Amino acid sequence: MVTDARDLTQTPERINPVPENVDLGGYKFGWHDKISSVFEPKRGLSHAVVEEISRMKNEPEWMREFRHRSLDYFYRRPMPSWGGDLGKIDFDNIFYFLRATEKQAGSWDELPADIKSTYDRLGIPEAEKQRLVAGVAAQYESEVVYHKVREDLEARGVIFLDTDTALREHEDLFREHWATVIPANDNKFAALNSAVWSGGSFIWVPEGVDVEIPLQAYFRINAQNMGQFERTLIIAEPGSRVHYVEGCTAPIYSSDSLHSAVVEIIVKPHAKVRYTTIQNWSNNVYNLVTKRAAAYEGATMEWIDGNIGSKLTMKYPAVLLLGPRAHGEILSVAFAGDGQHQDAGAKLTFAAPETTGQIVSKSISRDGGRTSYRGLIKVEEGAEGVKANVRCDALLLDEESRSDTYPYNDVKEEDVTLGHEATVSKIGDDQLFYLRSRGLSESEATAMIVRGFIEPISKELPMEYALELNRLVSLQMEGAVG
Amino acid sequence: MPFVRLASLPDLEVNQGHRVELSDDGEVAVALVCTGDAVYAVEDRCSHEDYPLSEGWVEDHQLECALHGSRFDLTTGHPDVPPALKPVQVFPVQVEGEDVLVDLPDDWAKLAAEGSGPI
Amino acid sequence: MESIPFKGLDREAVVAWSEALGDPEWFRARRLEALAALQKLERPTGREEAWRFTNPRAGGLDRAQVIRSGGPAGTEAMDRLAAGHGKATSGGGGAAGTELEAGGLVATVDGMSGPATLADDLAAKGVVLTDLTTALRERASLVEPRFMTVAAPIGEDWFLALHATLVSAGAFLYVPSGVQVDLPIGTLYRRTRAGATFAHTLVVVGDGAELTFVQEHSSPEQLDGRAFHHGVTEVLVGERAVVRHLSLQEWGSERVTHFGVQRALVSREGRYRSLVVTLGGGVVRIAPDAHLAEGSEADFLGAAFADEGQRFEHRATVTHAEPFTRSTLLYKGGLLGGSRNIFNGTLSISPGARGSDAAQTMRNLVLSRHAHAESNPFLEILNSDVRAAHAAATGRVDDQHLFYLQSRGIPRDQARRLVVFGFFEEILEQVGIPAVRRRLEAALEAELEKEVAS
């Protein structure tokens with residue numbers, strides 16, 4: 001059995017080159033003053049690195065120990081033998097602790113050509129381009145909005161901070177819920193995240209409070225965005241409601257090649273949480289995410305998951321239905337183009353009576369891309385009256401692409417209604433013919449059909465995301481963007 | 001419920017699970033764990049999925065299942081975190097000299113005897 | 001009775017076994033090749049994906065004697081089997097009191113096969129049916145190029161290599177091009193005593209020919225120990241040929257562990273139908289597999305009914321290797337008591353298989369709180385110009401159906417039985433052999449009668 005990450009590294013392909021001139025200078029949403037401003041970026045993973053991360057952040061002893069134990073778990077867990085091809089990740093050649101600006105391209109010119117052209121095509125104004133380049137969500141024109149949202153949240157007692165700050169300012173609340181849904185040794189990459197996590201969101205919604213506006217990272221303080229090892233924790237007290245949105249449809253270039261985030265959500269009785277993600281990482285990124293929610297009596301959890309970018313994404317949003325009449329829903333859309341593998345899916349575990357769930361997965365492969373749906377429906381003994389439905393549809397746009405569906409349905413109860421359906425197809429010739437005969441070009445017609453295909457999911461997205469997603473579909477169909 | 005000799009002390013490494021199979025298809029097996037101060041015996045099968053606990057890590061008198069990480073208390077057999085929800089069986093152990101004797105349920109003891117000793 | 005212990009299998013032991021079985025030279029060499037491959041392969045431990053659901057060490061193989069028993073019990077069982085299946089005739093009218101009219105029969109009991117019987121008119125048309133041992137000696141030219149070379153290659157995995165090393169009995173069936181075999185051919189496998197047996201069925205069907213063959217697996221209710229049976233069936237379907245393959249697992253005892261591998265290679269425009277019915281045995285794992293060449297078709301049907309203590313796994317694979325291929329799969333399972341039934345299906349469409357059409361449906365009807373049902377239909381699609389769909393459903397008896405029947409005066413228990421029966425009818429009505437269908441229906445009814453209303 002493998003016990004050391006060093007055993008796992010293959011002949012390292014340099015997938016994470018060191019930037020020539022790393023700028024350690026100031027930036028807008030920086031760290032707290034207490035942290036030393038002199039820091040040497042180091043490559044590689046070790047207990048020493050973990051110790052340094054924790055000291056830099058001035059963390060309490062228990063968190064430091066948690067990180068060290070997590071690193072031990074990471075070392076002794078074998079790599080998963082299923083899913084995507086993780087053979088080229090070189091754990092020793094990665095920076096595990098860098099601040100935001102050091103990781104992103106230093107300027108517009110440094111961005112890869114295809115990304116620059118996407119931004120141009122998407123009609124993104126100059127100011128926005130800067131934002132995307134920096135990777136930090138500075139809302140130049142949204143200062144007013146920003147402040148209004150923050151005032152409103154504070155008045156209602158909602159806590160919305162980055163995870164590091166939350167640990168400092170709300171330690172008891174934090175510790176009570178931390179790693180209760182996803183323990184450090186849950187899987188290899190959760191263990192990695194648990195050891196080197198930095199950034200992410202912490203949200204606590206008091207009992208009965210309904211947060212109407214979708215919360216996004218830029219509304220929190222210290223919005224170091226799109227971190228490599230983000231750790232998000234959301235707690236919705238009984239009867240509360242909140243919607244969190246992360247990510248961006250525009251392609252984000254990251255020189256980091258390994259992203260391993262963890263999102264834990266606790267939905268207490270009769271509360272409702274929706275978590276929407278759209279990721280479009282550049283094609284050098286391995287995006288391995290563990291996302292799981294625990295839903296209690298009468299609670300509802302919804303995951304909306306959009307996977308557009310990255311070289312390989314392995315992500316299976318999960319809901320544990322632990323109280324009667326809890327409901328879990330996962331809507332997932334995945335696009336895979338040349339050189340991409342989206343290995344995504346969903347997991348629903350029914351561990352209480354009268355619980356219900358629904359999974360809808362839509363995937364599209366083109367140019368030799370590969371989408372895989374990997375899902376699990378598990379009905380435990382004692383979970384009577386479960387009703388669940390899974391629907392996975394895949395579109396293959398050409399002869400080179402690939403789609404897989406790996407559903408597991410494991411039922412240990414009698415009083416259960418469980419259905420699963422999947423289809424794989426290409427765009428119908430008659431559909432295309434009809435649209436073209438109405439004057440649309442082939443790519444316009446294809447784009448329209450694809451948009452219709454993903455409509456059940458895109459209609460659940462916040463307006464601006466849906467619009468951007470539709471525009472992106474058009475671009476992709478034109479083949480103008482990779 | 002008789003005490004059956006399942007191993008000798010030198011066979012056991014500290015803080016490492018040692019598997020003793022009682023049936024030839026591996027379905028009935030015991031995991032022995034020596035923690036330095038005591039020897040424990042639990043059924044060698046995670047209550048979550050059919051995986052031998054003897055392959056896992058031992059720490060703080062807990063045996064962790066290598067597959068999904070649930071940790072079982074060696075004295076009570078109870079798991080601390082999901083995905084395992086049910087406890088595993090634990091058996092009293094007596095060490096006499098170098099012999100590790102485990103108090104097995106009758107049918108398990110019978111298997112051990114039938115197979116002319118554990119495999 | 002010849003026997004060889006599984007433990008400590010080495011070259012010397014295998015050579016002795018081969019001599020006892022009277023192998024021709026070429027087959028002895030093949031066995032030793034298999035042994036060499038076996039020693040290099042890793043024995044499955046149960047952690048592999050393919051063995052996730054069934055313990056590969058079930059059945060007591062480690063301590064078993066591999067047997068080939070021709071003693072009195074064997075011959076008697078053989079005769080009884082054959083008689084129960086009627087005289088081999090073709091063109092109508094089996095002997096009175098027979099269950100099955102067969103065009104031919106080979107019976108194997110406890111690892112030993114009796115001589116084949118074949119209808120005269122079929123023999124006249126060039127159909128060959130012999131027990132395996134005779135085929136190895138007398139039909140080497142037909143058998144040697146095809147025995148575990150393409151359909152179920154020796155070196156592919158540990159169990160196949162083991163099988164080739166130890167196989168002692170089975171049947172060889174050859175149908176020349178263009179020949180229609182009107183009556184089904186039966187290969188009967190029976191166990192009456194403890195031990196491990198390895199049996200092989202090789203079926204070769206020429207271009208444009210047509211055949212139905214039935215494999216029956218049975219045992220008495222009482223056995224003196226654990227019986228492990230490993231069966232490999234290779235079916236080579238010629239171009240435009242039509243083959244129907246029924247595999248019935250009706251073991252009377254739960255001390256039987258049965259691992260069955262079925263591989264069909266379907267040539268251009270051939271048609272292969274596999275029907276698997278599993279009602280008996282303790283641990284049963286059947287893996288039907290079809291590989292489709294251009295224009296060919298496969299239809300997989302399955303019915304499994306598991307009762308307390310039974311663990312069944314059905315693991316089907318259909319590979320659409322070439323264009324314009326079509327397949328369907330319909331597997332239905334019923335579970336009583338603390339039983340377990342797993343359906344795994346992998347539908348694989350290769351890059352060049354454009355114009356293909358495939359569908360998989362799995363349904364598990366759970367009749368008890370303690371049962372464990374799994375349905376895992378997998379798709380691996382590498383060509384876009386296809387239609388592929390699957391559906392899986394798990395649930396219990398629909399309350400509405402029950403209510404309807406009860407409101408017509410039918411007591412609840414009976415109503416439940418009717419609904420379950422109706423559920424399986426879709427499969428059983430596809431069993432084209434009336435005698436077999438009646439027997440299976442009776443067996444299913446007997447299972448349902450046993451059920452205490454929950």
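1. Basis of the model. This is a predicted model, in which local features need pLDDT of at least 70, side-chain atom pairs count only at pLDDT 80 or more, and totals for chains, interfaces and linings use all residues. Residues are numbered from 1 along each chain as its sequence is written, while chains are lettered from A and ligands numbered from 1 in the order in which they are written. Helices (H or I, at least four residues) and strands (E, at least two) are DSSP runs, numbered from the N terminus.

2. A:Arg325 is not a glycine, yet its phi is positive, about 60°. A:Arg325 is partly exposed, with 19 other C-beta atoms within 10 Å. Here buried stands for 20 or more other C-beta atoms within 10 Å of a residue's own, exposed for 12 or fewer, and partly exposed for what lies in between, with C-beta atoms placed from the backbone. C:Glu269, also not a glycine, has a positive phi of about 60°. C:Glu269 sits in the loop between strand S13 (256-266) and strand S14 (271-280) of chain C. C:Glu269 is buried because it has 20 other C-beta atoms within 10 Å.

3. Strand S13 of chain A. S13(A) is mostly covered, with 10 of its 10 residues buried. In a regular strand, side chains alternate between the two faces of the sheet. Both faces of S13(A) are covered: one side carries A:His327, A:Glu329, A:Leu331, A:Val333 and A:Phe335, the other A:Gly328, A:Ile330, A:Ser332, A:Ala334 and A:Ala336, and all are buried.

4. Partners of S13(A). Strands of a sheet pair through backbone hydrogen bonds, in either a parallel or an antiparallel sense. Strands count as paired if DSSP finds at least two bridges between them. Strand S10 (residues 300-307) of chain A runs parallel to S13(A) and is joined to it by 8 bridges. S13(A) also pairs in the parallel sense with strand S15 (residues 356-365) of chain A, over 10 bridges. A:Ala334 takes part in both pairings: A:Asn307 stands opposite A:Ala334, and in S15(A) the bridge partner of A:Ala334 is A:Ser363.

5. Helix H13 of chain A. Helix H13 (residues 463-478) has 16 residues and reaches 23 Å from its first C-alpha to its last, close to the 22 Å expected at 1.5 Å a residue. That expected span is 1.5 Å times one less than the number of residues. In H13(A), A:Tyr465, A:Leu469, A:Leu472, A:Val473, A:Gln476 and A:Met477 are buried. They are on the same side of H13(A) because they cover an arc of only 130° around the axis, the arc being that of the directions from the helix axis to the C-beta atoms. A:Met463 and A:Glu464 are exposed on the other side of H13(A). The cover over the buried residues of H13(A) includes strand S8 (272-279), S10, S13 and helix H12 (442-458) of chain A.

6. Chains A and C. 31 residues of chain C are in contact with 30 residues of chain A; contact is taken as C-beta atoms, placed from the backbone, within 7 Å. On the side of chain C that touches chain A, strand S21 (372-381) and strand S22 (386-395) of chain C are the elements that give two or more residues. That side of chain C divides into 16 nonpolar, 9 polar and 6 charged residues. Nonpolar covers Ala, Val, Leu, Ile, Met, Phe, Trp, Tyr, Cys and Pro, charged covers Asp, Glu, Lys and Arg, and polar covers the others, Gly among them. Strand S19 (residues 416-425) of chain A runs antiparallel to S22(C), and 8 bridges join them. A:Ala422 has C:His390 as its bridge partner in S22(C).

7. Chains A and B. 5 residues of chain A are in contact with 5 residues of chain B. The side of chain A that touches chain B has 2 nonpolar, 1 polar and 2 charged residues.

8. Chain B. Chain B has 1 helix and 10 strands. In chain B, 4 strands form an open antiparallel sheet in the order S2-S3-S4-S8. Its edge strands, S2 (17-21) and S8 (90-91), each pair on one side only. Strand S4 (residues 39-43) of chain B is joined to S8(B) by 2 bridges, and B:Ala41 has B:Phe91 as its bridge partner there. Buried residues make up 45% of the 119 residues in chain B.

Key: Contact = placed C-beta atoms within 7 Å.
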